[in-house]
Amino acid sequence: MMMKEWLSKIGNKGKDPDKDKQAPASQDTTCPFTDNLHFNLECLKQEIGHNWDVHFREFNLGRTGIRSVIIFVDGLSDKDLIDKHIMPSLMVDFSAEYKQNLPYLKGSISKEFIKNEVLSISEIEAVRSIKELASKVLTGSTALLIDGSLDALLLGTAKHKTRAIEEPVSEALVRGPRVGFTESLSDNTSFLRCSGEIENLSLVKFQVGKRSKKDLVVAYIKDIVDPELVQEVENRIKKIDIDSVPESGYVEQLIEDNYLSPFPQVQNTERPDRVVAALMEGRVAILLDGTPFVLIVPVTLSMMLQSPEDYYERWIPGTFIRMLRYLAAILALFTPSLYIAFISFHSGLIPTKLAISIIGTRSGVPFPALIEALFMEIAIEILREAGLRLPKPIGPAMGIVGGLIIGEAAVQAGIVSPVLVIVVALTAISSFSIPHYSIGITLRMLRFPAMICAATFGLYGVILFFLLMTSHLVKLKSFGVPYLSPAVPYRLSEWKDLMVRMPLMMMKRRPKMLHTKNPIRKG
Amino acid sequence: MILSPKDKITTPQAAVIVINFILGTGLLTLPRSSTEKVQTPDAWISVILGGVITITAGLIMVKLSQQFSEKTFYQYINDIVGKWVGGLLSLVVICYFLTTSSFQIRAMAEVIRYLLLEGTPTWAIIMIFMWVGLYLIIGGINPIARLFEIILPLTVILFLVVTFMSFKIFEIDNLRPVLGEGIVPVLKGVKTTALAFSGPEIMLLLIPFMNSPKKAGKALLVGVSIPLIFYVITVVMVIGALSIDGVVLRTWPTLDLIRSFEVAGLIFERFESLLLVVWIMQIFATFTITYFAAALGLAQLSKKSIHPFMFGLLPVLYIIAMVPKNMNDLFKVGDFVGNVAMFLFGLLPLLLLIISRIKGGKKHETIT
Amino acid sequence: MKQSHSNTHPLFISLSVLLFLSLTGCWSSHEIEEQSLGIGLAFDKAKQSSIEKKLNEQGGAYSKRNLITTTYQFITPQVASSTTKQSGPQQKSYVNVSETGDSMHQMVRELSLRSEQPVTAHHMKVVVIGENLARSYKLEQLLDQNLRESELRPSCLVLISKGRASNTLETKKAGEIPAFRLAGIVENAYRTTRILPPMSHIKVESKIKSGSSFLMQKVLSADGQVKFAGAAVIDGKTHKMTGTLNEEELEGVTWITGKGKGGVVKSFDKETGQPIVYEIETMKSSIIPHVKRDSISFDVNIESVGRLSENWVVSAGTFKNEFLKNAEKSSEEEVKRLVGNVLEKMQKEYKADVAGFGNRLRIEHPKVWNKVKKDWDQRFSEAPINYDVKLTINDYGTTGGSKK
């Protein structure tokens, strides 16, 4: 709640001075667009002319002597298009085709004429407000103003710089499409459209951000999804009241159910196949312009531990890998805390031979298990973070070198025991095997409180930590869907796709928790 | 407390709640308490009989509550016996739940102190436990039911693994002869074993929360049968391994069963940690559901929001838990609670059912 | 489906505060390397060690009667690290310390005055009781503290030693840990019939409680070596040791109870006088009690299947059934001899039922048992026992022997 108020306050604070500033400008725009090119130009220059990258190119229309001007932003607009299609049409072809009519044309060049007969480009619209014109120009459109015309024409020349389609970095797969979303919203929606003709795919557009407006698309399949869910998603998106939304992470945080929870309640993904699969299950995807990360709601914990590959591989290896991942999640969360509990509290509960060898390796270690474990765990977290920031070629090398050297040296120096190094390594490996980055971080982070619980109450503390965490999880909901479903409440029919991944033959229905209109997935 | 329409639980959830309520301290002490009374290896038969009796009593409670499927016991008892007597009985039931709750945490704290955390003060063990419980029950009946659903499979798997490990020291001779001294000793133990099944009373409160109150009977049957299986396995394995002479001497016989063998070669070698995990989770379940039942009672009695009662009961629970001075006192509290339960949930529901039938019958007559 | 803003912040905050506060406690935390793992324990009649005497002379004594000497065998962190880290010639991998006094628990705690790492009993593998002590104290007195405390697991074994129990916890082999050696030998029951099923604390306790006589494994020691030899007879009434069964007698008991998992029977061929060895694969015995009025009698039927594992009779061909029949016969004779021998000893010499006859009676005739259980050992010594042995050789290994 606090955070939200704070955010909205910021939004409000931003708004008030904004209005003051806008006052003169809006006055300008209220003055109607005149047919005087000179006057209009002055207005526009006042509005945006101070920007160095806004180009005003004045010329005569054909050889008519009618002054015109096109305005565009260097870099945003497609200069190629302007040079090869717009300018020639206006300056050369115009005169050639309409020479005979020239004398009569002056003063009566309507937007319809230009639109219908002169310019051969696809996007074209007329506007009558200076402000709208200015803002469109700044996003890449080219404005065409003609002396004596009451309309300004906006030509769709926006050319966003996009990168080539690449394999998603954050979710690499061995098997599966090598396509990842890009920063361009239209590309991303096209990915969805392209992945087979999806019947009834709805892409509803919203704008978010007060100052920097961004397009946001809510995608769902109309005849599958629960309309209540769509309604809720749209409501929450409409409620977003913030200056700008640089990344879909902002949207995620503003629409999630419980912002105090350490668990992510919205899934983000770079993989179109994942999104399509989610849509087919009756979920809703949220695409934001300018980021390759698409949000999927509602999500469950089990989803976070699954990978599309589970379904691409045959069901037996798929099941095996999935079980392995569950095991990894448990290990990542509890290994260090169990180590602490057994070493510092319950030496009586470990096998005798193991106890003797642990005692042997630990006898020189000056710290209690908690300090020892914290030291190594934090070191490895820093290493991980450092490896992430470093340039790609040296990142992995640094991770391995750092890990090996620190581990080896710490053991040599007698600061930590070799058993702990094994534990820490096991934890780290396990946490990296979790396919979803955000949940991996959550689990890695949660192991620290678990360690503290273990250091206070031993095994009892670990059990209580588990109970507390589970208590939290059973309360958590993601857009009305219990976070732990379908594990609880028991839905035996859906356990086919929980810990195990039964053959596709047997998974005939969509998840019930999503209250889909059309529950049958496979005949 | 007003029940929001979404605050409903499914039939399996109701069954799971009953299972988790029943499994608690009994898991560790039942082999001793039953053998003490029976004195022959037939204690497991008393356990089965006790279970059957519990099912009967539970079904009576379910029948009673189904007549008022929109109301909890605290609400409908006023309709049956009037406001004052009803209020009083509600208070007694609330006290029963409070004491059960406290008894559970104290017993838990004692075992933890004995086995895991020698030297940690009882207050610390209890307090941290109560806070976690409070955090859970603030969410209402639904999160409780879901948490129970998570710990049930864990319990079943770990428990079965652990007990079947003890086959190593199991000797069938310890369980023989069956009924060597007739049925009489078995009957002596039935009261004790029936008390170990206290838990179906939650049905008095659960029915209005259920999706389909009509299936409450089924939920109860499943809810008692599974603990019955657990208890029989426990008693059979413990007596089989330790013999009746060995069982009566041990304070926590089930724990001693697990401590009496080591399986070399497996990672653990010693399995009591697994049993304790199961047991602590089961105690947590019993604790939270009784805590919730007590808070719900107070809230419905006073017709106020439940949350202040949840917070308010925390110190009360703590104080009750700290009252028993030693283990013997603690077991006495357990016996006392059991005796109260027998009256409250064995006889009273039957009485109430009869009264309500008579009253209902009269009303029915007047209408027709 | 509303975005929930639950009112659980104060709960979260207080919970974390509580946790952090209790972290300052860490009440029960004892790092594993700060403890010595106690792995073996020996009880003897008091005999102070030289160190103890020296300490006492300097005033290191408290008010006690010098009745019992306990010897603790433990692994200190120093020892553990030297054995795990160093390779090559090893030093002694255990430490033995003796204390004399009259209370088991007090003696353990006295140890804390002598070492910075207190001894814990979680990993105690074996408790050895000296014969002298076992003859003069009740077992439940000696083991009371062990059974009562939470540290020592009920799975810990109990043995009786012929000489001083502390000698069984000595070895001269580098790297060997005597307590593990003792605990390990018990596991060899599948190779010989001369080892009793493991007697753990919990079993000793239930036997004591049941009031019947029972056997406990005896162990000999000489020069740092040990041998399991025979069994001690513990009387059901006094709970003291009353006598000994030697190895062959113990073998007889194993045959009667049928609990052996493996082992050999050596007999001599009648014609040549050469040894024939029968190896047990399975062993089954049923004790059938018969009650007629006041008289109780038992039938013991022993059945076993096994193989011919060694044959010194050069002339015989094992491919011939005839020879196998003979071999069976002579092995049966041997088993009968063993059984008869031990029955004689149980009934006549010790007057104690240590082979579970009473237990069978309890199971088959619970009412009769209730009547006789008070003075069962007496009644047992008078009961007639018939026994029958049937061995079957179904295999003679990979050598057929001579076919002449």
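Domain bounds here come from an automatic or database domain assignment. For chain C, that assignment gives domain 1 (32-245) and domain 2 (247-404). The C-alpha centres of these two domains of chain C lie 33 Å apart.

Before I go on, a word on the model. It is predicted, so to speak of local features we need pLDDT of at least 70, side-chain atom pairs count only at pLDDT 80 or more, and totals for chains, interfaces and linings use all residues. Residues are numbered from 1 along each chain as its sequence is written, while chains are lettered from A and ligands numbered from 1 in the order in which they are written.

Two residues are in contact if their C-beta atoms, placed from the backbone, lie within 7 Å. The contact takes 21 residues from domain 1 of chain C and 22 residues from domain 2 of chain C. On the domain 1 side, β7 (214-222), β8 (225-234) and β9 (241-245) of chain C each supply at least two residues. Strands are DSSP runs of E, at least two residues long, and helices are runs of H or I, at least four, both numbered from the N terminus. Which strand gives the most to that side? β8(C) does, with four residues.

Next, the neighbouring chain. Between chains C and B, 21 residues of chain C are in contact with 29 residues of chain B. On the chain C side, α1 (9-23), α8 (201-210) and α11 (357-364) each supply at least two residues. α8(C) gives the most, with five residues.

Last, composition. Ala, Val, Leu, Ile, Met, Phe, Trp, Tyr, Cys and Pro count as nonpolar, Asp, Glu, Lys and Arg as charged, and the others, Gly among them, as polar. The side of chain C that touches chain B has eight nonpolar, ten polar and three charged residues.
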